[in-house]
Amino acid sequence: MEYKKPLGVDIDLETGVIPGAQKLVRRLSSLKGYFLDEKAYNELLREDPVVYEVYAIEQEENDGDLNFATTVLYPGKVGKEFFFTKGHSHAKADRAEIYYGIRGKGGMLLQTPEGKAEWIPMGPGTVVYVPPYWAHRTVNTGNEPFIFLAVYPADAGHDYGSIAEKGFSKIVIEENGEVKVVNNPRWKK
Ligand SMILES: O=C(CO)[C@@H](O)[C@H](O)[C@H](O)COP(=O)(O)O
Ligand SMILES: [Fe+2]
């Protein structure tokens with residue numbers, strides 16, 4: 001039997017960087033069609049800000065193995081809507097996941113395939129259990145980077161299709177200086 005070598009890495013808790021990880025950058029232009037306010041989206045597109053970065057250490061897609069990644073989700077809004085990650089379910093939909101809050105303020109929107117949504121607020125130290133089958137998206141509701149760690153099965157994969165097309169049944173907005181989780185007016189089942 002050939003054994004893999006164990007690994008220990010120190011996450012930079014200020015920046016979210018994992019040394020040696022693969023870096024992925026998502027700018028606003030890669031989130032076309034995701035935000036409600038198209039006018040605000042197009043205006044901000046001139047700057048095309050980085051919305052989030054992911055630092056991932058991933059294994060081959062083997063049953064039983066684990067991947068982990070930090071996400072650095074920057075503060076910002078498109079119209080009233082706070083910056084968020086694309087959101088996905090897992091390609092193997094029954095694969096669960098654990099998130100752990102490191103820095104900043106935000107939360108997770110989760111949704112069943114039938115469109116029942118839940119909001120879980122997150123800060124440093126919050127653990128979120130993402131059960132099998134729930135699509136998930138994180139949202140930065142603060143004014144500094146929202147950074148968290150995710151641990152997920154190596155064979156989970158990502159399925160962006162349904163969320164890209166339909167979004168979540170709830171959206172997270174700022175109204176009168178308050179964070180509100182409200183029904184998505186564009187949501188159809
Ligand atoms: O849930 C996972 C992995 O299963 C996270 O590592 C996200 O992949 C990351 O937060 C970016 O979000 P997405 O663009 O993938 O939705
Ligand atoms: Fe995931």
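**Around the ligand**

Mentor: Keep in mind that this is a predicted model. Sorted by class, the shell around ligand 1 is made up of seven nonpolar, seven polar and two charged residues.

Trainee: OK, and which residues come nearest to ligand 1?

Mentor: There are 16 residues around ligand 1, and those that come nearest are Tyr52, Thr71, Gly87, Tyr99 and Tyr160.

Trainee: Which strands supply at least two residues of that shell, and which one gives the most?

Mentor: At least two residues each come from β2 (50–57), β6 (97–103) and β11 (146–153), and β11 gives the most, with three residues.

Trainee: What about polar side-chain atoms by the oxygen atoms of ligand 1?

Mentor: The side chain of Tyr52 has an N or O atom 2.6 Å from an oxygen atom of ligand 1, while Glu97 places a polar side-chain atom 2.9 Å from an oxygen atom of the ligand, and for His136 the corresponding distance is 3.3 Å. The protein covers 97% of the 400 Å² of accessible area that ligand 1 has on its own.

Trainee: And what kind of space does ligand 1 take?

Mentor: The space taken by ligand 1 is the largest pocket.

Trainee: Switching topic, is Asn67 buried or exposed?

Mentor: Asn67, which is found in strand β3 (residues 66–73), counts as buried because its relative accessibility is 4%, and buried means under 20%.

Trainee: So what lies 2.7 Å from a polar atom of its side chain?

Mentor: That is the backbone nitrogen of Gln59, which lies 2.7 Å from a polar atom in the side chain of Asn67.

Conventions:
Residues numbered from 1 in each chain as written. Chains lettered and ligands numbered in written order. Predicted model: local features only at pLDDT ≥ 70, side-chain atom pairs only at ≥ 80, totals over all residues. Heavy atoms only, no water. Near = heavy atom within 4 Å. Polar contact = N/O pair within 3.5 Å; in protein donor to acceptor, adjacent residues only side chain to side chain. Areas by Shrake-Rupley, 256 points an atom, 1.4 Å probe, with all protein chains shown as cover. 1 Å grid on protein atoms, 1.4 Å probe; cavity = no way out; pocket = protein on both sides within 12 Å on 5 of 7 lines; lining within 4 Å. Sits in = over half its atoms within 2 Å of the grid points. Helix = DSSP H or I, 4+ residues; strand = E, 2+ residues; numbered from the N terminus. Nonpolar A, V, L, I, M, F, W, Y, C, P; charged D, E, K, R; others polar. Buried < 20%, exposed > 50% of the residue type's maximum accessible area, 1.4 Å probe, protein only.
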